Amino acid sequence: MKSDVEIDFMATTIQNYDVIAIQEVVAGAGGAQAVARLVGEMNRKGKKWDYAVSDSTFSSSYKTERYAFIWNRKTVVKLGDAWLDNRYAAEIDRESYFATFLKEGKEFTVVNFHAKTKTKQPETDIKYFKFFPGIYSRLNLIFGGDFNCPQSHTVFNPLKSMGYKPALTGQKTSLRMKCIEDDYLASEFDNFYYDSAKVLFSKSGAVHFYQRFSSLEEARGVSDHIPIFMTFE
């Protein structure tokens, strides 16, 4: 359970974005309650936020979780309900959570995803993403989350051949258990993949929040991954 101090830190860290996608929300009631606490703290800081938490993922063979979206009500509108795509629920351990947003007359759909760990071959989940642009041909899909797989992996080649590009290249995003020669980051796992024919990419980056803590252990109490962001038109 996150402390009030940790919730306040998280709220301060993410409050300047329009849409926030969160993975690895605890499947039980405590996970949704934690998201509600976070959004409540964000609202107390002056902006108007809303949120959606998914049902638990199907996860027949691995660890069930929830996802969450948080969005700034003054800058974006969520269109309809968010949904877990159960089309490949038997093949993908944690199915994706979709939500469509509207900003300045333009729609985009975020595909929020958390792959199984590297030791369990996350590429066996990711390989199904190549079907989504065809299934949701009317939607402007942006895949985002923790893929437990670097953007250089060949599993992303089908998406890349369709014009999808990674927002980040060479950016490690997971925190080490222990720092090695001033290197706090371990693996290049988190990213966004956007359709370059529909999205005008502006910039991307990572929030190195751990630098504000006196120890890596303390920072990992907030998260074992650093947030990433992408701005686009």
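A nonpolar core is a set of buried Ala, Val, Leu, Ile, Met, Phe, Trp, Tyr and Cys residues joined through side-chain atoms within 4.5 Å, where buried means under 20% relative accessible area with a 1.4 Å probe and protein chains only. The model is predicted, so that local features need pLDDT of at least 70 and side-chain atom pairs pLDDT 80 or more, whereas totals for chains, interfaces and linings use all residues. Residues are numbered from 1 along each chain as its sequence is written, and side-chain values use heavy atoms, without hydrogens and water.

**View 1. The largest nonpolar core and Phe147.** This core has 52 residues, and Leu141, Phe143 and Phe147 have the most contacts inside it. Among the elements that each supply at least two of its residues are strand 3 (66–72), strand 7 (141–146) and helix 6 (216–220), strands being DSSP runs of E of at least two residues and helices runs of H or I of at least four, numbered from the N terminus. A second, separate core of twelve residues includes Ala11, Ile14, Ile20 and Ala68. Beyond residues up to four places away in sequence, Phe147 touches, among others, Phe113, Pro122, Phe156 and Tyr193, contact meaning heavy atoms within 4.5 Å.

**View 2. Ser174 in the loop between strand 8 (164–166) and strand 9 (175–180).** Ser174 is buried, with a relative accessible area of 8%, and its side chain reaches the backbone nitrogen of Ser187 at 3.0 Å. Leaving aside neighbours within four places in sequence, the contacts of Ser174 include Tyr184, Phe189, Asp224 and His225.

**View 3. Ser96 in the loop between strand 4 (77–84) and strand 5 (97–103).** Ser96 counts as buried at 2% relative accessibility.

Key:
Buried < 20%, exposed > 50% of the residue type's maximum accessible area, 1.4 Å probe, protein only. Polar contact = N/O pair within 3.5 Å; in protein donor to acceptor, adjacent residues only side chain to side chain.
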